[in-house]
Every structure is written in C-alpha cells, then in structure tokens.
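This report describes one protein model from its coordinates. The sequence and the structure come first.

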Amino acid sequence: MASVTSSFRMSKELQRELSDAAQRTGRGKNAIIRDALVKYLHAMERESLAEEARRQSELVSRNEHGADWYGLADTAGWR
C-alpha cells in the first residue's frame with residue numbers, strides 16, 4: 001500500500017503519553033496514531049449514518065401520521 005507523510009502539532013503532554021504508550025505496548029508511535037485515526041474516522045462515519053437515520057425517522061414521524069407503512073413496504077422477497 002502506498003503511503004504519504006503528514007505532520008501535525010501536538011502538546012508536549014500528548015507527545016509524552018504517546019511515547020509512553022508506544023513503550024508500554026511495544027508498538028511504534030506511527031502505528032498507534034494511524035490506528036487511532038482510523039477508529040476515529042470510522043466512528044465519525046457511523047455517527048453520520050446514525051444521524052441521517054434519526055433525521056429521516058423524525059421527518060417521517062412529523063409528516064406521515066396515520067400512513068399505512070406496512071401496505072407501502074416492498075415485501076416481495078420476504079420469507
């Protein structure tokens with residue numbers, strides 16, 4: 001996999017915690033940062049999807065009182 005280099009600033013305290021974690025776990029600081037970033041971005045994506053689901057649910061509940069949702073559902077492939 002091709003990779004690129006990025007740089008960012010962190011506090012001295014965060015840098016110390018990262019170094020301590022790397023020493024404790026025997027993992028490289030780069031691996032810890034990369035894994036944390038991947039987890040954070042996936043969590044953001046899940047939260048975005050959950051928020052969209054909430055938005056759509058609220059929209060339907062506000063605008064479709066009394067609708068026959070079961071009658072509108074496509075159940076053709078259900079067992």
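## Basis of the values

The model is predicted, so local features need pLDDT of at least 70 and side-chain atom pairs count only at pLDDT 80 or more, while totals for chains, interfaces and linings use all residues. Residues are numbered from 1 along each chain as its sequence is written, and side-chain values use heavy atoms, with hydrogens and water left out.

## Overall fold

The protein chain has three helices and zero strands, in the order α-α-α along the sequence. Helices (H or I, at least four residues) and strands (E, at least two) are DSSP runs, numbered from the N terminus. Helix H1 spans residues 12-25, and helix H2 spans residues 29-63.

The chain has 79 residues, of which 6% count as buried. Here buried means under 20% relative accessible area, exposed means over 50%, and partly exposed lies in between (1.4 Å probe, protein chains only). The accessible surface of the chain is about 7600 Å², and carbon and sulfur atoms account for 54% of that surface. Accessible areas come from the Shrake-Rupley method with a 1.4 Å probe; for residues, only the protein chains shown count as cover.

## Salt bridges

Side chains of opposite charge can pair when their charged atoms come close. A salt bridge is counted when a side-chain nitrogen of Lys or Arg is within 4 Å of a carboxyl oxygen of Asp or Glu, and the count in this model is four.

Glu-13, Arg-16 and Asp-20 are linked in a network of salt bridges. The closest N and O atoms of Glu-13 and Arg-16 are 2.5 Å apart, and those of Asp-20 and Arg-16 are 2.8 Å apart. Glu-13 and Arg-16 are three residues apart in helix H1, about one turn of the helix. Asp-20 and Arg-16 are four residues apart in helix H1, again about one turn. Glu-13 is partly exposed at 41% relative accessible area, as are Arg-16 at 42% and Asp-20 at 31%.

Asp-35 and Arg-27 also form a salt bridge, with an N to O distance of 2.2 Å. Asp-35 is partly exposed at 30%, and Arg-27 is partly exposed at 36%.

## Largest pocket

The largest pocket has a volume of about 440 Å³. On a 1 Å grid over the protein atoms alone, a pocket is an open set of points with protein on both sides within 12 Å along at least five of seven lines, whereas a cavity is a set where a 1.4 Å probe fits but cannot get out; lining residues have an atom within 4 Å of a point. Grid points are joined across faces, edges and corners, and the volume is the space filled by probe spheres set on the points.

The lining consists of Met-1, Ala-2, Ser-3, Val-4, Thr-5, Ser-6, Phe-8, Lys-29, Asn-30, Ile-33, Arg-34 and Leu-37. By class, six of these are nonpolar, four polar and two charged. Ala, Val, Leu, Ile, Met, Phe, Trp, Tyr, Cys and Pro count as nonpolar, Asp, Glu, Lys and Arg as charged, and the others, Gly among them, as polar.

## Nonpolar surface patch

Leu-37, Tyr-40, Leu-41 and Met-44 form a nonpolar patch on the surface, with about 420 Å² of accessible area together. Patches are made of residues with over 30% relative accessible area and no salt bridge; nonpolar side chains (Val, Leu, Ile, Met, Phe, Trp, Tyr) are joined within 5 Å, and like charges within 9 Å. Met-44 lies in helix H2 and is partly exposed, with a relative accessible area of 44%.

## Residues apart in sequence

Ile-33, in helix H2, is partly exposed at 27%. Ile-33 and Leu-18 are 15 residues apart in sequence, and their C-alpha atoms are 8.4 Å apart.

Ser-19, in helix H1, is partly exposed at 27%. Ser-19 and Lys-29 are ten residues apart in sequence, with 6.7 Å from C-alpha to C-alpha.
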